[in-house]
Every structure is written in C-alpha cells, then in structure tokens.
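Please read this briefing alongside the sequence and the coordinates shown below.

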Amino acid sequence: MKPRLFTLGRLAIVSVPALGFFAIPFLPFAQEPVLWLGLPAVLVWSALMVLLSVVALQIVEVLYLRAGGREADQQEERFATQQIEQIRAARIAAEESEGVR
Amino acid sequence: MTLSIMIVVGIVLIGALGVASRRRQKSMSTWTVGERSNPKWTSWFLQAGESLTTFSFLGLAGIAFGGGVSATFAVAYLTISWLGLYFVAPRIREFGQRRGYLTMGDFFEDRFRSRWLGRVVSVIGALALIPYLQLQITGLGLIVELATGSESARGLSMVIASILVALFVAWSGLKGIARVAILKDIMMVVAMVVIAAGLMISFGGIPEIFAQIAREAPVLLTMQVDGYDPVFFITATLVTVIGSSFNTLPHLWPPVLAAKSAEVLRSNAKWLPIYQLVLFLPVTVGLAAVLVLPEDTTGNTVLLTMSGVILPDWLVGIVAIAGASAAMVPASAIVMGISTLITRNVIGSMTPSRQMTVNYAVIVVAIGLALAFGLVRSDIGALLLLTYGCTTQFAPAIAIALADRVRVGAWPVGLSIVAGSLTVAVITFAGIPIGSWDSGLIALAPNLIVLVVAEAIRRARGGRDVEQVAMPSPDRVAAGGSVSALS
C-alpha cells in the first residue's frame, strides 16, 4: 500500500516555521526599532524562518522516504501523454454514458 | 532614446526566446503540459514564477517605503505556501495523470462528477485572472516609462510585449514559457544584486542604511505603521497562504501537472523557500528610499526611481529589461490559464484542431482586453483584489476533493464558491470598509457556512459520497478497452 505523504505528525513539523512567521507581529522586537547585526530584527527573524522551513521540509521528506516513500517513488506510475489523453477520453465517455455530462 | 531602444530590443529578444522552437505545438495537451515529463529545473523555474513578478519589482519596494518591515508578509506567505504545496502539489499531479487533467476545471469536473461545476469554476477563474493579466502589462509599461521617462515608450513597449506574449504562448505553449522563465529568473536575480551593490556603494554598506532609518524613521522597523499593522500582516499572509497552498490560481496548474514525478514537486517545494530570500532586496531598497526620495513618492515607482538615483543609465536599462521579463512570464502563464479554462471547460466538446483554433482566439481576446484596459489607464488594477479574493474561494473545495473519497456534493461546493465570490465582489465594488482585513478572508466565512448548510440539506435528502466514474488502467485504454468494459 502506498504510504501517505500527509500525516498529522508531518503537519506538526511544518507548522513550527509557519507559526514562527505568524507570531512576528506579536514578538517584542516587532514593537520596537531593533537591529540585530545591523539589520532589522524582523528581517533577520523572517530569514531564519525561511531557513527553518527548508529544514522542516527536509525532515518531513526523510520521514516520508523512510516510511516507504522511496519505494513508492520508484514504483510510481508514469503514463505517456498519449495514454493520458486516452484516459481522459475514456473518462469523458464514461461520464457521458452515466449522464454526468 | 538610447535607453528606450535598448529596452525595446530586450523585450523583443525575450519574446524571440519564447518562440525559438522549430515546431509549433499543435495538440492542446502537449501545448498545455508538454509531455508531462518536466525535470526538476524546468519545474523549478515554472513554479518559481509567482515569486519574482512585477509585484516583487514594483509593489514590494513600495510597501516597504510606506509600511516598513511589514512588507516581509510577502516572504512569509510565499514561504508558508511551499510548506503546503509540498503535500498538495504531488496529490494534484497524481490525479491529473490518472484521470487526464489539463486544467483546474477538469479537476472540479471529475472529482465532483459535475460538468456545470467545472464550468462555474472555470468562468470565475478566467474572469478573476483578467485583472491580474492587465496588472502585468500595465506594470511592464510603468517600468519602461520610469526607466526612460517617455510615455510613448510606455505604450509602445506594452503593445510589443503583448504581441510577443500572444505569439510565443500560442506557438510554444508551456515549453516556451519555461524557456523565458529561466531567463527571467536569472535576470531578476542579477538586477536585484546590481541594485543591492548600488545601495552598498551609495550608503557605504547595508547596516548603514538601517542605522540611518533607526534614527530618522524608526517606526518603519516595527509593525506599528498605520495601515500595515499586525491585522494587515496576519490577514494578508493567512488569505494568501490558504489560496497558494491549495494552488487556487488556475494558471499555476499546468506547471504542477507537467512535472515528471511527485518527487520533482516535493524536491522543488523543499528548496523553493530559499528563493524568497531574494525578496529582502526590494524590501531593503524600499526602506532605503525613505532616506532619499520625497515622502509623497508613489509606492510603485520607488524601486526604479531609486535605481535611477544610484545606478548609471545602462544599468537602469538592464534592470528595466529584467522587470519587463518579470511581467512577460506571468502574463504568458496567465493567458494560458485563461485560454485553457475557456476552451476546455467552458466551451468544451470540439474536434482537436478546432479546439486549438478557439484556444488561439481566446488568447488574442484575453491579451487584447488586458492591453486595452492598460492603454486607457483603466484602473482595473484595483480589481486585483478580485483575483486573489475570488480564487481563494476554491480552497475549501480543492481540500475536499484531494481526499480519497469526495464526501461533499457538487451543488454545496458550487453554491459555496458562488457565495464566497459574490461576497468578495460586493465588498470590492460597493467599497465596504473592512479596515486592514482582506476581503477574500472575510468571504471564506459565508463560503464555509453555505457549504456546511447546503451539504447538510443534501445529506438530509439522501445525498451520499460522490462516486467517481470508474477509470480504466492505461494499458487497457491503449489496448482499446470499451467504456462498458472499464466500469
């Protein structure tokens, strides 16, 4: 069975940087003109959250691959364009025969 | 005059790159999604298209000029969007491949088993994209006008760019857009680096700029600027994250459907947040402009006016060409999004050759309309709120349809989308004051209420989960399996 990419645990991991962004207006350094290393603290914090997002997604990817995602990638069906067009035509024909169209 | 010629030549070269293909794409399918085999880098540049647009070039520096560091909301929403798209994009591609989608309209039509729902979504999607298309063309004209100081160069560049976009989209489809997207992103990064270098030379370093701002306009380093308060930051970020995470802009579907594999999409989503770091440069330019430009400077003109102050003319020309490419690539993707929705989902059943003819006609009409609005300086740019507000209303339905089983019917979904879109339209056209709130976010409330109530009524009347139309395996289709044999 194909492993699920979306799980609540993985959602929790990517929520960390997302919450880091949404928290910005309420953090003390966003209330005062604060500079870190000569740069606005809000900009530095945002850049850190960008990097944390990349890290979070790398962790999620590793977890997915370990849970069977690697095999799922290898076995992924890849149809030729012509096949996909035939699939579409068959779907539309099926819909017409069922009165959907 | 020399600068005008340089920019027009640059625009023509960008267009020529888009057309530079011996073979015209004749099939609607390969025109829209190629061979569905785009590797990582091609997908990267196509997917990154929304990060570096005329908004990054003109809008973001302007927001930083007026609102200070609150402009980082763009970095926030674009980054968080990739956190969502990591999960959503591979799922959309999987359905697209298994059930033969070319458009967002196909997805709605199939997942909810409703032709009319596909039509409604396509009509709303296509209409919502027109202001966005006009914004790109107007933005291009503004860039050229600011760089050259010539109003005639503005109009001429808009006409030339529109014709070129129509030509290369019609000729090459997604492949042409991908070629130009690569050039665009390289040019945009170069332009940003050039501007940053100019700033560093002019001010003696980036920290010096911020130290000066801390002395002269400290409020800009906080989120306490009028109109750019925490409510603005949270609502603007939230509504765009909801929309972008569920890929609600119809013109962003072909790059997802054309990717070679789910792994390509996951890989791009993992790394594309890094790209958003480039956006700190226009934000910095906007903040630095506070120290140089008059207070009443129009926001959209800040970045190019600053470029004119700190850079020599020929470098301003290069920055302007980069800006023009930042308009042409999204414009080409948008016009493709409009034409495929109208041709495939609104008009529908036609022979393949006739379908392409109609498609070309829609391209010409869409670009012609956007150009006409742009040339007469009609302010439908203000209607851009409709683009994001209305398309965000698709998000709940897309989320429902991404599940294995679709548990909500077409009618509740259709009614909820119409209710949400109408709310956005009423707020926009009636000018209802909503403070720093986003109309799209407000409209999600009636959208969800209608969805829940209508679905409850449907269930009470015996409605059940949507049964998908049975699909054949590709092998059986290729072997000529009949429809009856498939179900």
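The contact takes in 50 residues from chain A and 57 residues from chain B.

**Confidence**

- Chain A has an average pLDDT of 91, with 97% of its residues scoring at least 70, while for chain B the mean is 89 and 94% of the residues reach 70 or more.
- Within chain A, the highest mean pLDDT among the elements belongs to helix α1 (residues 8-22), at 98, and the lowest to helix α3 (residues 81-97), at 79.
- Within chain B, helix α19 (residues 395-401) has the highest mean pLDDT of the elements, 97, whereas α23(B) has the lowest, 32.
- Over residues 480-487 of chain B the pLDDT stays under 50, although the model has 15 contacts beyond four places in sequence for this stretch.
- Where pLDDT is low, the predicted coordinates should not be read in detail.

**The side of chain B that touches chain A**

- The contact draws 57 residues from chain B, and the elements of chain B that each give two or more residues to this side are α2 (28-33), α5 (73-99), α10 (206-216), α11 (230-245), α13 (262-275), α22 (474-478) and α23 (483-486).
- Of these elements, α5(B) gives the most to the side that touches chain A, with eleven residues.
- Sorted by class, this side of chain B has 35 nonpolar residues, together with 13 polar and nine charged ones.

**Helix α5 of chain B**

- The 27 residues of α5(B) span 37 Å from the first C-alpha to the last, which is close to the 39 Å expected at 1.5 Å a residue.
- At B:Leu85, α5(B) bends by about 45°.
- Because 23 of its 27 residues are buried, α5(B) is largely enclosed by the rest of the structure.
- The helix α5(B) is followed by B:Gly100, which has a positive phi near 70°.

**The largest nonpolar core**

- The largest nonpolar core has 187 residues, of which B:Leu133, B:Ile143, B:Val165, B:Ile177, B:Ala324, B:Met328 and B:Val335 touch the most other members.
- Apart from neighbours within four places in sequence, B:Ile143 is in contact with B:Phe57, B:Leu304, B:Ala320, B:Gly323 and B:Ala324.

**B:Val239 and B:Leu441**

- B:Val239 lies in helix α11 of chain B, and B:Leu441 is placed in helix α21 (residues 439-460) of chain B.
- B:Val239 counts as buried because it has 23 C-beta neighbours inside 10 Å, and B:Leu441 likewise counts as buried because it has 21 C-beta neighbours inside 10 Å, the cut-off for a buried residue being 20 or more.
- Beyond four places in sequence, B:Val239 touches B:Tyr388, B:Thr392, B:Asp438, B:Gly440 and B:Leu441, while B:Leu441 touches B:Thr235, B:Leu238 and B:Val239.
- Although B:Leu441 and B:Thr235 are 206 residues apart along the chain, their C-alpha atoms are separated by 7.1 Å.
- B:Val239 and B:His251 are twelve residues apart along the chain, and their C-alpha atoms are separated by 18 Å.

Notes
Residues numbered from 1 in each chain as written. Chains lettered and ligands numbered in written order. Predicted model: local features only at pLDDT ≥ 70, side-chain atom pairs only at ≥ 80, totals over all residues. Contact = placed C-beta atoms within 7 Å. Helix = DSSP H or I, 4+ residues; strand = E, 2+ residues; numbered from the N terminus. Nonpolar A, V, L, I, M, F, W, Y, C, P; charged D, E, K, R; others polar. Expected span 1.5 Å × (residues − 1). Bend = angle between axes of the 7 residues up to and from the residue. Buried ≥ 20, exposed ≤ 12 C-beta atoms within 10 Å, placed from the backbone. pLDDT = per-residue confidence, 0-100. Core = buried A, V, L, I, M, F, W, Y, C linked by C-beta atoms within 7 Å.
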